[in-house]
Amino acid sequence: MKSIKGKASSSPPDTPAVSPSRRSSFYHPAEETFATILDYYGIEWEYEPRTFPLEWDERGNVIEAFSPDFYLPQQDLYIELTTLRPKLSTKKNHKLRRMKELYPEINVKLFKRKEMRDLMVKFGLYEQAAMIAGTGAQNQDK
Amino acid sequence: MPAKTLADYGELAEGVGEILISEERLRQRVAEMARQISLDYAGKNPLLVGVLKGVLFFMSDLLQLLTIHAEIDFIAVSNYSLETRKRGMVRLVKDLEIPIDGRHILFVEDVIDTGLTLNYILNNLRSRNPASLEVCVLFNKPNHRLIEMPIKYKGFDLPDRFVVGYGLDYREKYRNLPFVALLKPEVFRG
């Protein structure tokens with residue numbers, strides 16, 4: 001499983017905080033944007049560092065699992081981003097519910113499509129916000 | 001005098017939807033906050049620190065309602081954008097003019113959502129050894145929070161919606177609305 005980390009303070013000042021090799025590891029452009037925002041504000045992050053088993057078959061094999069997109073170690077907080085339209089995010093909502101049942105001590109925050117759009121607008125990323133609002137967003141989500 | 005309607009705000013009202021917090025409610029809540037701060041900081045001559053530009057309205061109204069001596073100063077930080085990102089990390093683009101070593105600092109903010117900017121600023125201020133450092137925020141958006149921090153004085157919890165007015169802007173517009181309102185969806189599409 002891949003796991004990449006970020007910390008803006010180690011980035012050269014004249015280059016984007018997320019290096020090309022790390023950039024290629026993201027599933028969705030919104031994740032890369034989120035990582036660059038965290039880097040900009042000096043917040044340590046890890047990308048999909050842990051997978052939580054959610055369902056097992058009768059032999060004990062894991063048949064469903066959840067890997068939150070980001071972990072912020074200083075905040076002990078997992079972040080899951082989604083650009084899916086609400087009616088298409090049933091599976092993700094189910095996983096988050098199971099997470100809370102099985103791992104109540106783990107803090108997971110979900111940034112939904114609208115919250116992602118608001119976040120992009122807040123940081124002046126109007127084109128990215130428009131992409132999330134567009135129909136393409138639902139196809140790019142993992 | 002009859003209450004104002006949206007039409008009374010001319011072009012400023014274009015794109016504005018539902019009003020969430022009226023002028024009157026804002027005035028009342030700021031007055032309540034000012035009363036509490038005046039009690040807590042009596043005799044301490046606090047320095048109120050704000051971040052430009054959104055806090056201007058709140059800072060001005062709050063300061064006028066305090067019944068204690070207080071000083072103000074402002075800082076400005078580089079906002080995240082594609083351009084500033086190329087130049088590295090967040091940084092101060094305007095520093096305080098008043099030294100804060102040993103002072104009682106009340107950091108005054110219009111809105112806290114992710115907490116990213118505030119976290120950076122508080123760490124910066126803390127490193128200058130103030131006697132105390134507390135946070136006063138008018139609008140709190142807890143659903144967006146990434147960095148948790150204690151807030152001593154809080155005006156309103158805002159819903160998980162994009163709002164404008166009383167210092168809050170959308171693309172530098174609508175700051176000067178005297179109330180807090182939602183924008184119509186077509187504004188974001190345009």
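## Exercises on a predicted two-chain model

V180(B) sits in strand β9 (residues 180-183) of chain B; strands (E, at least two residues) and helices (H or I, at least four) are DSSP runs, numbered from the N terminus. The model is predicted, so local features need pLDDT of at least 70 and side-chain atom pairs pLDDT 80 or more, while totals for chains, interfaces and linings use all residues. Residues are numbered from 1 along each chain as written, chains are lettered from A and ligands numbered from 1 in written order, and side-chain values use heavy atoms, leaving out hydrogens and water.

**Exercise 1.** Work out whether V180(B) is buried or exposed.

*Solution.* Start with the cut-offs: buried is under 20% relative accessible area, exposed over 50%, partly exposed in between (1.4 Å probe, protein chains only). V180(B) comes out at 0%, so buried it is. Next, check the neighbours: V180(B) touches, among others, L26(B), F139(B) and Y166(B), where contact means heavy atoms within 4.5 Å. L26(B) is 154 residues away along the chain, yet the two C-alpha atoms are 8.6 Å apart.

**Exercise 2.** Classify the ring pair Y40(A) and Y41(A).

*Solution.* You need two values, the distance of the centres and the angle of the planes. Rings of Phe, Tyr and Trp (its six-membered ring) pair with centres within 6.5 Å; planes under 30 degrees apart are stacked, over 60 edge-to-face, the rest tilted. Here the centres are 5.1 Å apart and the planes at 80°, so the pair is edge-to-face. Both Y40(A) and Y41(A) are buried, too. Over all chains, the count reaches 17 aromatic pairs.

Conventions. Lists of a residue's contacts leave out its neighbours within four places in sequence.
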